[in-house]
There are 2 protein chains.
Amino acid sequence: MKAPWQPSPPWPTVAIVGVGLIGGSVGLAAKARRLARRVVGIGRTRGSLDAALARGAVDVATTDLAGGVAEADLVVVAAGVSTIPALLERVDAAAPPGTLLTDAGSTKASIVAGWERRRRTRRGRFVGSHPIAGSHRRGSAAADGDLFAGRVTVVTPARATPAADADAIGDFWSALGATVFMMPPKEHDRILAATSHAPHVIAAALAAATPEATLAFTAGGWRDTTRIAAGDPELWADILLDNAGGVGDAMKRFAGMAERLLAAIARGDRRRLVDLLSRAKGTRDAVGS
Amino acid sequence: MKAPWQPSPPWPTVAIVGVGLIGGSVGLAAKARRLARRVVGIGRTRGSLDAALARGAVDVATTDLAGGVAEADLVVVAAGVSTIPALLERVDAAAPPGTLLTDAGSTKASIVAGWERRRRTRRGRFVGSHPIAGSHRRGSAAADGDLFAGRVTVVTPARATPAADADAIGDFWSALGATVFMMPPKEHDRILAATSHAPHVIAAALAAATPEATLAFTAGGWRDTTRIAAGDPELWADILLDNAGGVGDAMKRFAGMAERLLAAIARGDRRRLVDLLSRAKGTRDAVGS
């Protein structure tokens, strides 16, 4: 009996540089959805690679980046934003000419600009991505093949990026279940400053400003509002520094709204205060739990 | 065969004014823990009373406050902070002399001061309480007999409050499973400004300041940080107005910390930024998920 015919996977070999939560989840999703024949995991330490192998997120694992990407059709760099530019350089030097590259960094403008600055000498084809699907958990032990399903991934082609390349990267994330938006890298950073990076500053400021002696009197509200302050300080410092302008603008809008609330409280203007709180509730209710 | 001997419940008749989430949970917990022979629910509308009866949170339900408290040994006023002073007056006029009264309001200084101002003419004995066990859900349908278990309730005696009265109210909340702290009302308000009221202003300011066009790009971080902004604008306006001074002080501390974070970001001072984010993470980690 012949085996039933199966289409070849669109990216026979996918290499993932950085096998943490996001990289591991890309591997699991790519395998579960039969997008790759082989997933190669590349990491800095045997520990993280063994965890990714144990989780079934990758088929083979190596600390040798050049060897790991040597036969890749698609390379996903899933590392902290400050390390992505150098990793892209190394991947580009070692992967076959024409290989598609993307990343999963939380900022896009500087990463894309760094690639574009030397576009003419690149061997591979890079299009930036940001799957908006984080977690405060870390490591491939927490990886989830459905992490991207029903969530948004932003793909950020540069002006010179061929539409076919942007589409190919968009198709990859779509195939992992994501809803894909395309936009210029700077617009991505401006938006994410409002929806993710400024909220991190706010949560951290609230946590750090709460006197230790009062912590026994916190409840669900404080815990929700400060939850993301538990994120990795090094990773978040790099994100915030890389999007300093966007964060500053978003924090100005936030501070202006906080001032309006505080002014209404100080004046005892209940009608105005209810109006502002109702506006906040309307926005919050629109997003859902 | 004789029925086994059972001790009388410490508060034979408990009346609860306001049968929402908190009032309903007090009723459920008092019945489950056999603290009351009879729980009387008093509400403004038949709808809320019928819901409390259906939930099993109260044994009898009435819109007649005077009649409802006429035989009460303990009355719990579980209503919005702006309505508590007037409700206490009405309860005091109708309950038997010597009845213990408490409330469950999120602010304490003005409520306790209002009672104390006319202490000499009071018939009952009031001690303020704040069970720190809210939820963004509302109504007795969401009531939970374990809502107070393992959580903190603050009991706020005034200077003239007899220790025995404060202890009796503390014992009640302890019997519902709460960890009870006693402190002066003003200290309660100062602490809760930091742990609950300022976080509400912050969450509301962030939600209201986030441009609508960016909401599709929110993820778990934004949703956590803004969750309490979905709370009832009228109830929260009253809380914030009643604790305006405390909220202002807590927001100054928050704004100062946000300024320090933003200054480090603007200067590109990574070491300082990591240090501040680490401090925030330390505080957040100390509280737990």
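Author: Let us begin with burial: a residue is called buried under 20% relative accessible area, exposed over 50%, and partly exposed in between, using a 1.4 Å probe and protein chains only. The model is predicted, so local features need pLDDT of at least 70 and side-chain atom pairs count only at pLDDT 80 or more, while totals for chains, interfaces and linings use all residues. Residues are numbered from 1 along each chain as its sequence is written, chains are lettered from A and ligands numbered from 1 in the order in which they are written, and side-chain values use heavy atoms, with hydrogens and water left out.

Reader: Is A:S129 buried or exposed, and where does A:S129 lie?

Author: A:S129 counts as buried because its relative accessible area is 0%. A:S129 belongs to strand β7 of chain A. Here helices (H or I, at least four residues) and strands (E, at least two) are DSSP runs, numbered from the N terminus.

Reader: Which residues does A:S129 touch?

Author: A contact means heavy atoms within 4.5 Å. Leaving aside residues up to four places away in sequence, the contacts of A:S129 include A:T102, A:D103, A:V154, A:V155 and A:W173. By contrast, 46 Å separates the C-alpha atoms of A:S129 and A:R267, which are 138 residues apart along the chain.

Reader: What is the overall make-up of chain A?

Author: Chain A contains eleven helices and nine strands. Of its 289 residues, 54% are buried. Along the principal axes, the C-alpha atoms of chain A fill a box of roughly 80 × 40 × 35 Å. Among contacts in chain A between residues at least 6 apart in sequence, those joining residues at least 24 apart make up 71%.

Reader: How should I read the side chains of a strand?

Author: In a regular strand the side chains alternate between the two faces of the sheet. Strand β5 of chain A, residues 100-103, provides a case: A:L100 and A:T102 point one way, A:L101 and A:D103 point the other way, and all are buried.

Reader: Which strands join β5(A), and in which sense?

Author: Two strands are said to pair if DSSP finds at least two bridges between them. Strand β4 (residues 74-77) of chain A runs parallel to β5(A) and is joined to it by four bridges; A:D103 in β5(A) is the bridge partner of A:V77. Strand β6 (residues 125-126) of chain A also pairs with β5(A) in the parallel sense, over two bridges, and A:L100 stands opposite A:R125 in β6(A).

Reader: What handedness has the unit made by β4(A), helix α4 and β5(A)?

Author: A crossover is right-handed if, with the strands pointing away from the viewer, the path from the first strand over the helix to the second runs clockwise. The β-α-β unit of β4(A), helix α4 (residues 84-94) and β5(A) is right-handed.

Reader: What is the strand order of the open sheet in chain B?

Author: The six strands of this open sheet in chain B follow the order β3-β2-β1-β4-β5-β6, with parallel pairing. Its edge strands are β3 (60-62) and β6 (125-126) of chain B, each pairing on one side only. In chain B, β5 (residues 100-103) and β6(B) run parallel and are joined by two bridges, with B:L100 opposite B:R125.

Reader: How should I read the buried residues of a helix?

Author: An α-helix has 3.6 residues a turn, so residues three or four places apart point the same way. In helix α5 (residues 109-116) of chain A, the buried residues are A:A109, A:I111, A:V112, A:W115 and A:E116. Their cover includes α4, β5, β6, β7 (128-131), β8 (152-156) and α7 of chain A.
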